[in-house]
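Below are my notes, as numbered points, to read alongside the coordinates.

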Amino acid sequence: EVKFGKFGSKYFIWMKRLILLSLILINLILIKDYLYLALGVILGLILGIFISEYFFLSLTLVMGFMTNNELLLINSSLVFLYGLPYGSIIRRIKPKQIITVLISFAVPFILLFFNLDSSFIIGVLSGGLFQYIIRK
């Protein structure tokens with residue numbers, strides 16, 4: 001469980017939410033098919049309950065690799081910026097949590113070997129990241 005300090009924690013939480021919202025909006029520019037987007041958002045909202053947010057952050061990097069270098073630069077910068085308030089908020093982290101985060105961050109890179117519709121991937125990452133925006 002994430003423990004918050006007294007001073008500045010609410011600002012870090014809002015900074016995380018703003019970065020996640022920015023990632024969603026930037027990736028929505030690439031939408032081609034709205035049906036796949038809707039299906040992906042529904043799946044992402046469901047998966048967001050069970051899977052770490054780093055899975056969805058990794059999906060944003062996969063989208064950058066699949067499209068163009070400018071999007072990769074923007075996405076990777078925002079993922080890095082997301083880690084700053086996350087690291088500031090956490091007081092203690094267990095080794096099991098580190099392994100879980102690493103695995104959930106590495107798994108989406110397998111998608112680079114498949115030819116999937118980018119609208120579906122954007123839908124999944126948008127739904128999953130939105131799940132983490134609306135959480136406390």
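1. Let me begin with the aromatic rings, where the structure holds five aromatic pairs. Here rings of Phe, Tyr and Trp (its six-membered ring) pair if their centres lie within 6.5 Å, with planes under 30 degrees apart counted as stacked, over 60 as edge-to-face and the rest as tilted. One of these pairs joins Phe55 and Phe56 in an edge-to-face arrangement, with 5.3 Å centre to centre and 90° between the planes.

2. Are Phe55 and Phe56 buried or exposed? Phe55 counts as buried at 15% relative accessibility, and Phe56 is buried too, with a relative accessible area of 0%. The classes are buried for under 20% relative accessible area, exposed for over 50% and partly exposed in between (1.4 Å probe, protein chains only).

3. A note on provenance before going on: this is a predicted model, in which local features need pLDDT of at least 70 and side-chain atom pairs count only at pLDDT 80 or more, while totals for chains, interfaces and linings use all residues. Residues are numbered from 1 along each chain as its sequence is written, and side-chain values use heavy atoms, with hydrogens and water left out.

4. Back to the rings: which residues do ring pairs link into a cluster? They are Tyr54, Phe65, Tyr82, Phe105 and Phe109.

5. The charged end of Arg17 sits over the ring of Trp14, 4.7 Å from its centre, and Arg135 lies over the face of Tyr132, at 4.3 Å from the ring centre. The criterion is NZ of Lys or CZ of Arg within 6 Å of the ring centre and within 35 degrees of the ring normal.

6. Leaving aside neighbours within four places in sequence, Ile49 is in contact (heavy atoms within 4.5 Å) with Gln131 and Arg135. The C-alpha atoms of Ile49 and Gln131 are separated by 7.2 Å, although the two residues are 82 apart along the chain.

7. Finally, the chain as a whole. The protein chain has six helices and zero strands, where helices (H or I, at least four residues) and strands (E, at least two) are DSSP runs, numbered from the N terminus. Of its 136 residues, 40% count as buried. Among contacts between residues at least 6 apart in sequence, 89% join residues at least 24 apart.
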